[in-house]
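Hi there,

Here is the structure I promised to pass on.

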Amino acid sequence: MNSRNWVRLFLSTLLVGAVTTVIVAFIVRWDQHTAQFANGEYLQFLSIIAWYIGVGLIFSIISQMGFFAYLTIHRFGLGIFKSLWSAVQLVLIIFVLFDLVYFRYISFANEGDSLLPYFAFPIFLLVYGLLVAYVKKAQTNKHAFIPALFFMVVVTTIEWFPALRENEPGWLLFMLFPLLACNSYQLLLLHRLNKTSAAK
């Protein structure tokens, strides 16, 4: 990828993170913000939007750091494990999904709580990851499916860890969806940028 396309990817991913965070924040905290607007608290309303944009930019940078770290890890994995790298990634995906259920349950569940609610986020992540991986495979080749799934599940979970540690429902959603949007955007745009760079 040439420097021009890298800058394009960086800036456009920042925009995706900022816009997604603002949208998710207003959905999650709809009642609070509509009340502020209705009461004529316009300056406070605008300052909150600016704060959300700033947080969205941070989420985007976290996503981009994770993305480029994974590209490096992927190369190392191919070099070390060769044809077994796909199997290793599948094992890690299963391990992370299990941890998302088990460790969150033992860390945050009260006595007598059901285990079932703790399956919600892992199932959602897996389904969303499968959809993005399918699109990536359709746009490139079949070998891209497992790496894309690994990135969307495992890397997103690592990036999401600060919110997972707090386990506050609003923050879990507030951070997850911008990360998913940024990660999906980078993953699905990368091969197009590489193609344009190679053509020049």
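What pattern does the protein chain follow when read along the sequence? The answer is α-α-α-α-α-α-α-α. In other words, the protein chain has 8 helices and 0 strands. Here helices (H or I, at least four residues) and strands (E, at least two) are DSSP runs, numbered from the N terminus.

A word on where this comes from: it is a predicted model, in which local features need pLDDT of at least 70 and side-chain atom pairs count only at pLDDT 80 or more, while totals for chains, interfaces and linings use all residues. Residues are numbered from 1 along each chain as its sequence is written, and side-chain values use heavy atoms, with hydrogens and water left out.

**The chain as a whole**

Taken along the principal axes, the C-alpha atoms of the protein chain fill a box of roughly 60 × 55 × 25 Å. The accessible surface comes to about 11,300 Å², and carbon and sulfur atoms own 72% of that; such areas come from the Shrake-Rupley method with a 1.4 Å probe, and for residues only the protein chains shown count as cover. Of the 200 residues, 42% count as buried. Buried means under 20% relative accessible area, exposed means over 50%, and partly exposed is in between (1.4 Å probe, protein chains only). Among the contacts (heavy atoms within 4.5 Å) with a separation of 6 or more, 73% are between residues 24 or more positions apart.

**What the UniProt record says**

The unreviewed UniProt entry lists residues 7-28, 48-71, 83-103, 115-135, 144-164 and 170-190 under "transmembrane region". Those positions are given in the numbering used here, feature names are shortened, and annotations may be inferred rather than shown by experiment. I looked at two of these spans in the model. Residues 115-135 are 76% helix and 0% strand, with end C-alpha atoms 32 Å apart. Residues 144-164 are 90% helix and 0% strand, and their end C-alpha atoms lie 28 Å apart.

**The inside**

The largest nonpolar core has 37 residues, and the ones that touch the most other members are Y52, I93, F151, W160 and L187. A nonpolar core is a set of buried Ala, Val, Leu, Ile, Met, Phe, Trp, Tyr and Cys residues joined through side-chain atoms within 4.5 Å. Two or more residues come from each of α1 (3-28), α3 (42-81), α4, α5, α6 (145-159), α7 (161-166) and α8 (169-199). Setting aside neighbours within four places in sequence, I93 is in contact with I146, L149, F150, V153 and V154.

- M152 lies in helix α6 and counts as buried because its relative accessibility is 0%. Beyond its neighbours within four places in sequence, M152 contacts L125, Y128, G129, V132, L180, N183, S184 and L187.
- M175 is in helix α8, and at a relative accessible area of 4% M175 is buried. Not counting residues up to four places away, M175 touches F59, I62, E159, W160, P162 and A163. M175 and P162 are 13 residues apart in sequence, and their C-alpha atoms are 9.0 Å apart in space.
- T20 belongs to helix α1 and counts as buried at 16% relative accessibility. Leaving out neighbours within four places in sequence, T20 is in contact with F177, P178 and A181.

**The outside and the loops**

Which residues make the nonpolar surface patch of about 560 Å²? They are L115, L116, F119, I123, V127 and L131. Patches are made of residues with over 30% relative accessible area and no salt bridge, with like charges joined within 9 Å and nonpolar side chains (Val, Leu, Ile, Met, Phe, Trp, Tyr) within 5 Å; a salt bridge is a side-chain nitrogen of Lys or Arg within 4 Å of a carboxyl oxygen of Asp or Glu. L115 sits in the loop between α4 (85-108) and α5 (120-139), and is partly exposed because its relative accessible area is 36%.

Is K82 buried or exposed? K82 counts as exposed, at 56% relative accessibility. This residue is in the loop between α3 and α4, and its phi is near 55°, a positive value in a residue other than glycine. N167, in the loop between α7 and α8, also is not a glycine and has a positive phi of about 60°. N167 counts as buried, at 19% relative accessibility.

Best wishes
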